[in-house]
Amino acid sequence: MTESLTLDIVAGKMKEFGNAEQVRKNRIRITTPPDRVHEAIRMIQAIFGFDRLITISAVDNGRTLELVYHLTGPHRMVVSIAVELPRDQPAIPTTSDILPSAAIYERQIHDLFGIQFPGHPRLTKIILNEDWPQDEFPLRKDWEPHADTFYGGIRKERI
Amino acid sequence: MPILSTAVSGRRGSDMPEVVVSIGPHHPALKEPVNFKVVVDGEKIVRLELDLSYNHRGIEKAAEQRDFVRVLPLMERVCGICSHAHSTAFAKGIEEIMQLEIPPRAQYIRTIIAELERMHSHLLWLGVAAHLIGFNTLFMWTWRDREAVQDTVEEMSGNRVHYGMNEVGGVRRDLTPAQVTAALGRLPNLEERINKYVDMVNYEETMLIRFRGVGKLSKEEALRYGTVGPTARASGVDYDIRKDDPYLAYADAPWSVVTDTNGDVYGRTRVRIWEAQESLKIIRYCLENLPEGPIRVPAPKHAPKGEILSRYEAPRGELAHFIRTNGTDKVERVDIRTPTLANWTSVAMCLVNQNIADIPVIVAAIDPCLSCTSRITLLDKRTKRTDIISFDDLSRRMCSRDHGQE
């Protein structure tokens with residue numbers, strides 16, 4: 001295990017990307033604009049050796065859609081990079097080119113929240129069935145199932 | 001559905017047409033619903049598509065509609081094998097947001113159940129792996145030994161599968177001195193059996209032949225594809241949340257992170273058996289040093305606004321619950337990243353250029369848990385050459401899906 005990272009070191013190096021705060025022991029959170037995420041991850045990989053993406057979490061807070069990229073590395077510190085995206089046509093450049101494991105998580109978020117990831121090699125259905133309606137995103141807060149919509153399974157007329 | 005073989009296309013410059021073998025989702029050889037579309041050249045795997053989307057149950061959405069008391073049983077039902085992992089990860093996240101101090105006795109009881117769960121899961125895995133290589137004697141042995149663990153869990157919680165031990169603020173059941181004595185009494189025999197497996201893996205021909213060199217994953221690959229748990233530790237990656245971000249009673253108990261350098265199914269087998277040994281140490285320590293005191297603290301009904309990434313070392317690897325609360329008695333969002341989802345990327349990598357008969361054991365080597373993952377990943381290997389794979393090529397393939405059923 002290499003020497004531990006402190007908030008001051010991380011905040012100093014990542015100043016240009018946004019505010020860094022210590023949420024608890026071992027956790028640092030940086031809030032950054034959507035167009036800087038790719039750069040921020042590359043930077044944090046290069047300087048601090050973050051070699052593992054834990055997950056990308058997505059939240060609908062009612063006003064905006066949020067993404068949080070959690071990364072960790074040999075020093076065992078978790079840095080979370082948070083962004084907010086507008087609800088209408090949310091999009092953020094893919095990180096699957098620098099983090100191979102991000103591809104799966106991005107496709108999952110695309111299914112459930114309808115966020116676009118430009119540059120993603122193939123953003124097709126991954127977690128929902130293929131016959132799920134194209135424009136419905138079930139984990140958005142304003143999603144409501146409709147009685148007359150077909151969500152998969154066996155069609156009524158075939159029973 | 002039986003194995004369905006269809007010749008799809010003749011490949012240029014080859015005498016044999018490519019053959020797609022479609023296995024599952026319902027197939028006698030599979031334990032859970034999954035579909036493999038394997039393109040083979042003779043006995044060698046050329047490319048593979050893995051479809052796991054048969055089990056999506058919308059648990060994350062359901063969790064937003066219920067208060068914390070009702071979410072805990074729901075979390076247990078994410079997975080049958082690691083039910084305690086999910087409920088503990090959720091409970092400790094909520095407790096941290098509420099800034100509750102959990103009594104040490106509750107922490108120890110949670111740890112005991114967690115390690116019993118790990119031990120039964122690893123023994124179960126060893127049995128499944130043994131069965132898949134046709135070594136059914138070992139399968140019978142490990143599952144018989146696993147019963148001792150199951151009996152202990154049942155005695156403590158009343159259940160073999162969903163233990164229902166957790167609640168926000170502590171645990172629901174105390175351990176009586178009689179239960180502690182009974183559990184301690186079962187440990188020597190279990191220890192002897194596990195030591196036997198530790199020894200056996202060194203000389204048993206069947207295991208050596210079928211596990212060695214199968215599904216190789218280097219340390220660099222393991223890190224790059226975000227591999228977790230025993231799969232990563234078998235490749236020499238020493239990430240273990242119990243050490244990296246200590247929770248429950250792991251900081252007190254004497255144990256160490258086990259790693260292996262083989263990086264194949266053999267390594268994953270050894271890591272799991274050694275981990276069962278470490279679990280025994282932790283369980284014995286916790287049972288012998290069980291602190292006195294209350295087993296829970298009263299928890300408020302509402303949680304303040306907050307956000308937490310709750311990490312937990314489940315039997316299959318790192319489990320992450322991302323929890324956001326909004327000041328009410330319900331979560332605003334709980335995002336569950338299961339260890340199996342993190343490991344699929346590496347499985348798809350391991351399989352290329354391997355023998356078709358090794359699919360079950362390579363897939364089983366990550367100990368996949370499909371119900372809790374229910375996600376999909378795939379690999380598209382177009383060229384016949386499979387020995388050199390560039391990084392870009394790889395990440396492109398990991399995400400492409402331009403063949404098969406669409």
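## Helix packing around α6 of chain B

In this predicted model, B:Val180, B:Ala183, B:Leu184, B:Leu187, B:Leu190, B:Glu191, B:Ile194, B:Tyr197, B:Val198 and B:Val201 of α6(B) meet B:Thr269, B:Arg270, B:Ile273, B:Trp274, B:Ala276, B:Gln277, B:Leu280, B:Ile283, B:Arg284 and B:Leu287 of α11(B). Meeting here means contact, with the C-beta atoms of two residues, placed from the backbone, within 7 Å. Helices (H or I, at least four residues) and strands (E, at least two) are DSSP runs numbered from the N terminus.

The model being predicted, local features need pLDDT of at least 70 and side-chain atom pairs count only at pLDDT 80 or more, while totals for chains, interfaces and linings use all residues. Residues are numbered from 1 along each chain as its sequence is written, and chains are lettered from A and ligands numbered from 1 in the order in which they are written.

**Helix α6 of chain B on its own**

- α6(B) covers residues 177–203, and its 27 residues should span 39 Å at 1.5 Å a residue; the end C-alpha atoms sit 41 Å apart, which agrees. The expected span is 1.5 Å times one less than the number of residues.
- A kink of about 30° is centred on B:Pro188 in α6(B). The bend at a residue is the angle between axes fitted to the seven residues ending there and the seven starting there.
- B:Ala183, B:Leu190, B:Ile194 and B:Tyr197 are the buried residues of α6(B). Buried means 20 or more other C-beta atoms within 10 Å of the residue's own, exposed means 12 or fewer, and partly exposed is in between, with C-beta atoms placed from the backbone.
- The cover over those buried residues includes α4 (104–132), α5 (136–157) and α11 (265–288) of chain B.

**How the helices pack**

- Two packed helices are described by the angle between their axes and the distance between the axes. Axes are lines fitted to C-alpha atoms, for helices over the stretch in contact, and angles run from 0 to 180 degrees between N-to-C directions.
- With α11(B), the α6(B) axis comes within 10 Å and crosses at roughly 160°.
- The α6(B)/α11(B) crossing is left-handed, as the term goes when the near helix is turned anticlockwise from the far one by less than a right angle (right-handed if clockwise).
- α5(B) and α6(B) have axes that come within 10 Å and cross at roughly 165°, so these two helices are also roughly antiparallel to each other. Their crossing is left-handed.
- On the α5(B) side of that pairing are B:Asp145, B:Ala148, B:Val149, B:Thr152, B:Glu155 and B:Met156, and they meet B:Gln179, B:Ala182, B:Ala183, B:Arg186, B:Asn189, B:Leu190 and B:Arg193 in α6(B).
- α4(B) packs on α5(B) at about 160°, with the axes 8 Å apart. This pair is therefore roughly antiparallel, and its crossing is left-handed.

**B:His131, in α4**

- B:His131 belongs to helix α4 of chain B and is partly exposed, having 19 other C-beta atoms within 10 Å.
- Setting aside neighbours within four places in sequence, B:His131 contacts B:Asn136 and B:Phe139.
- B:His131 and B:Val361 are 230 residues apart in sequence but 9.3 Å apart in space, C-alpha to C-alpha.

**Helix α3 of chain B**

- α3(B), residues 83–98, should span 22 Å with its 16 residues at 1.5 Å a residue, and its end C-alpha atoms are 23 Å apart, which agrees.
- 13 of the 16 residues of α3(B) are buried, so the helix is largely enclosed by the rest of the structure.
- B:Gln99 follows α3(B) and has a positive phi, near 55°.

**Other positive phi values**

- Most residues other than glycine have a negative phi.
- B:Leu248 has a positive phi of about 45° without being a glycine. This residue is in the loop between α10 (241–244) and α11 of chain B, and is buried, with 25 other C-beta atoms within 10 Å.
- A:Arg76, likewise not a glycine, has phi near 70°. A:Arg76 lies in the loop between β4 and β5 of chain A and counts as partly exposed, with 17 C-beta neighbours inside 10 Å.

**Whole chain and interface**

- Chain B has 15 helices and ten strands, and 51% of its 406 residues count as buried.
- Among contacts in chain B with a separation of 6 or more, residues 24 or more positions apart account for 70%.
- Between the chains, 32 residues of chain A are in contact with 35 residues of chain B. β3 (52–60), β4 (64–72), β5 (78–86) and α3 (102–113) of chain A each supply at least two residues of the side touching chain B, and β3(A) gives the most, with seven residues.

Note on methods
Parallel < 35°, antiparallel > 145°, perpendicular 65-115°, else oblique.
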